[in-house]
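Grab a pencil and let's work through a few exercises together. Take a look at the model first.

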Amino acid sequence: MTSPLPRLSLVMDPERTQHVLTPQALERLSQSVEILDAGRICDFHAASVKEQLARTDILLTGWGCPDIGARELALMPRLSLISHAAGTVKYFLSQAVFDRGITVCSAAEANAQPVAEFSLAMILLAGKRTFGFRRLYLEHRDRAPVERLQAQAIGNLGLTVGVVGASRIGRRVINLLQPFDLNLILFDPLLSVAEAQKLGVRLVSLEELMAVSDVISLHAPSLPQTRHMIGADALARMKNGATLINTARGALVDEDALLAELKTGRIEAVIDVTDPEVPPPDSPFYSLPNVFLTPHIAGATGLERARLGDMAIAEIERFCRQAPLQQQVRPEHLELIA
């Protein structure tokens, strides 16, 4: 007699997770589990989902998943797996999940790819001084000022790019930069010189990286010890005309110090993440000419989100056939992930 399939519930905000679960992905998922309801749960404590949660073995979660702590776990006595079709899990899962022995996995690796691609594009555009060229062209509507900028020692040949953090995204960025004629350096206090050499980069101190890099790309996790790691002293070391790129977390940078430095016009910045997540309406980030500000779009957007669902489903398939998971998150990882 065939054993029943594990029962699965979908927990995510449907408006924020469009394209994550394609019809094809849901059909594939249905081969391994019984999807209890095609609707997305947004509130664990809604009376309408009480019976469903009591029968749930697996949660497939995504952006907008409510917090999961001891109170929520009490509603799901059968729960054995949480597969997150997004990046970090540290902001909505409590230690109670791990204490109960529930397996957790994440599609952070799938979200790393578009962030690394975005970072690569911004690094190359910054090295080419693309944003400065555009400003001059729009302001003067003449090529003479542009030609004066072209005469400077700019461009991507021999450019020094400093990567802060050998995270999964940082490593992808380093790999993507390898084919270009760049000088790559890295700061990561947890990495050895030998490990850096294997990545094809030279390991340096943060002080040296800030001082010699033409472009600096941040890829460290947001932790108490990394808060404002890029402060006034670090920013003051930056070369005139250098660019700081932040696609990691806004809290890595002392934004007051950054804005003070940017207002001098001495450096440039590409900012995809801020602290708070959306700057106040009167923030100079919106108006400074040497800031290229984007609304946290480096990660999976639009059709790129399908990779998240596919990776989360692949982990569920492995779990159901008792194969080793490839994207498991363990309690000790929480201190080091973004």
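This is a predicted model: local features need pLDDT of at least 70, side-chain atom pairs count only at pLDDT 80 or more; totals for chains, interfaces and linings use all residues.

Residues are numbered from 1 along each chain as its sequence is written, and side-chain values use heavy atoms, with hydrogens and water left out.

**Exercise 1.** Work out which way the residues of strand 10 point, and whether they are buried or exposed.

*Solution.* Helices (H or I, at least four residues) and strands (E, at least two) are DSSP runs, numbered from the N terminus. Start with strand 10, residues 243-246: Thr-243 and Ile-245 point one way, while Leu-244 and Asn-246 point the other way. Next, check burial: all of them are buried (under 20% relative accessible area, 1.4 Å probe, protein chains only).

**Exercise 2.** Find the strands that pair with strand 10.

*Solution.* Two strands pair if DSSP finds at least two bridges between them. Strand 9 (residues 215-218) pairs with strand 10 in the parallel sense over four bridges, and Ser-217 has Ile-245 as its bridge partner. To get from strand 9 to strand 10, the chain goes through helix 11 (residues 232-237), a right-handed β-α-β crossover (with the strands pointing away from the viewer, the path from the first strand over the helix to the second runs clockwise). Strand 11 (residues 268-271) also pairs with strand 10 in the parallel sense, over four bridges. There, Asn-246 stands opposite Ile-271.

**Exercise 3.** Locate Gln-327 and explain why it counts as buried.

*Solution.* Gln-327 lies in the segment after helix 13 (306-320). Its relative accessibility is 15%, so Gln-327 counts as buried. Now look for contacts (heavy atoms within 4.5 Å): leaving aside neighbours within four places in sequence, Gln-327 touches residues including Val-104, Cys-105 and Met-311. Val-104 also stands opposite Ile-82 in the pairing of strands.

**Exercise 4.** Describe how helix 5 and helix 8 pack.

*Solution.* Helix 5 (residues 108-127) and helix 8 (residues 168-177) pack at about 45°, with axes 8 Å apart. Axes are lines fitted to C-alpha atoms, for helices over the stretch in contact, and angles run from 0 to 180 degrees between N-to-C directions. The two helices are therefore oblique to each other (angles under 35 degrees count as roughly parallel, over 145 as roughly antiparallel, 65 to 115 as roughly perpendicular and the rest as oblique). Among the residues making the contact are Ala-112 of helix 5 and Val-173 of helix 8.

Definitions and conventions
Buried means under 20% relative accessible area, exposed over 50%, partly exposed in between (1.4 Å probe, protein chains only).
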